[in-house]
Amino acid sequence: MRPSTMFTMQSLNGGEIIEIPNPDQNSAKNIIETLVNSGRNADAVVVAQKIGRDQEKTEMSWNYLPKEDWEKMLRFWDTNFFFNFTYYSRVAGTKITRKFYISDRSDTPYNVDASGIPTAYVDCTANVVDTGVSS
């Protein structure tokens, strides 16, 4: 049985905690980025130094979301470009919270009612990106 949620988010001022519905089984791709300041010396050998800590990006997708769930997340991101994101860190081996920002979001309206309003959404995606700042 899958847990109720893998991810939560909260505004930086400590408002309501929003539980993100678990992404589909083949989703929640995690990308770890190592930032490097690099160049080549006079012998054409790479000289590099890691900058700060590794940063993460999570790509989430849902085949289907009820209108209320998807629109609640979209409204949160509309007013909270930066937010605290809690997730399981593969590196730390536990859930951690860091300051993230919202990147691309997409969806397709589903089951549009007589008023022209969707009752749900399909093919929903959202990408959240680590800012490099711990919350």
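In what order do the elements of the chain run from the N terminus on? And where does leucine 65 lie, is leucine 65 buried or exposed, and which residues does leucine 65 touch?

Reply: This is a predicted model, in which local features need pLDDT of at least 70 and side-chain atom pairs count only at pLDDT 80 or more, while totals for chains, interfaces and linings use all residues. Residues are numbered from 1 along each chain as its sequence is written, and side-chain values use heavy atoms, with hydrogens and water left out.

From the N terminus on, the order is β-β-β-β-β-β-α-β-β-β, where helices (H or I, at least four residues) and strands (E, at least two) are DSSP runs numbered from the N terminus. The radius of gyration of the chain, taken over C-alpha atoms, is 18 Å, well over the 14 Å that the globule rule (2.2 Å times the number of residues to the power 0.38) gives for 135 residues, so the chain is more spread out than a compact globule. The C-alpha trace spans about 70 × 35 × 30 Å along its principal axes.

Leucine 65 belongs to strand 6, which covers residues 55-66. With a relative accessibility of 3%, leucine 65 counts as buried, a term that means under 20% relative accessible area, against over 50% for exposed and in between for partly exposed (1.4 Å probe, protein chains only); buried residues make up 33% of the 135 in the chain. Leaving aside residues up to four places away in sequence, leucine 65 touches Pro21, Trp70, Met73, Ala120, Tyr121 and Cys124, a contact being heavy atoms within 4.5 Å. Between the C-alpha atoms of leucine 65 and tyrosine 110, which are 45 residues apart along the chain, the separation is 9.4 Å.
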